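The sequence and the structure come first, and the notes follow.

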Amino acid sequence: MARRLILFDVDGVLVERGRLVRPAGAAEGLARLRHQSDAVLSVATVDDKKVALRKLNAIGVDRYLDLEVGAYGPKPAEPSTLVDIARDRASAAYGCEFEVLAVTAGPAADMAWLRQAVDVLIALAPAGDEEPADGLHEAGADHVVANLFDVADLVTSVPAN
């Protein structure tokens, strides 16, 4: 059985888009994942590593993440590059294979590249949307949730492959 590597997008998931603010439930969800599962938590982001670390430190969620196994930098030409980098780093650091789950708040149009690279894709529904799940499922999301506390509920209730 593979261990889980959960990769979070920084903007829109761990940090509110356009604001240096932690979304409601983010710290609680990450803490629950960290303490109630054996998953490794990290990030896959188009942000430069220095920028991502500054954001995560400022909002106080960096302590829940293994940022050394994360993947950073501009969106790669090859869709799976960021995920492959994080998967390889995690395997080298922990000495095991990983099932990769990604959590994104990206628009449905941007999810296709991520869907190709991960085992399970979890999308955060935009706040206030009446029917966001249909479009996100059509774009490739396996699960659509409201916040990171819901991600924790999902991950702790479904066994790893």
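The protein has six helices and five strands, where helices (H or I, at least four residues) and strands (E, at least two) are DSSP runs numbered from the N terminus. Along the sequence these elements follow the pattern β-α-β-α-α-β-α-β-α-β-α. This is a predicted model, in which local features need pLDDT of at least 70 and side-chain atom pairs count only at pLDDT 80 or more, while totals for chains, interfaces and linings use all residues. Residues are numbered from 1 along each chain as its sequence is written, and side-chain values use heavy atoms, with hydrogens and water left out.

**Overall dimensions**
- A compact globule of 161 residues would have a radius of gyration near 15 Å, and the protein agrees with its 14 Å (taken over C-alpha atoms; the rule is 2.2 Å times the number of residues to the power 0.38).
- Along the principal axes, the C-alpha atoms fill a box of roughly 45 × 35 × 35 Å.

**Burial**
- Of the 161 residues, 48% are buried, meaning under 20% relative accessible area with a 1.4 Å probe, protein chains only.

**Helix H6**
- In helix H6 (residues 148-157), the buried residues are Leu148, Val151, Ala152, Leu154 and Val155.
- Seen down the axis of H6, these buried residues fall within an arc of 165°, so they line one face of the helix; the arc is that of the directions from the helix axis to the C-beta atoms.
- Their cover includes strands E1 (3-8), E3 (98-104), E4 (120-124) and E5 (143-145), together with helix H1 (26-36), contact being heavy atoms within 4.5 Å.
- At the start of H6, a side-chain oxygen of Asn147 lies within 2.9 Å of the backbone nitrogen of Phe149.

Technical notes: Buried < 20%, exposed > 50% of the residue type's maximum accessible area, 1.4 Å probe, protein only. Polar contact = N/O pair within 3.5 Å; in protein donor to acceptor, adjacent residues only side chain to side chain.
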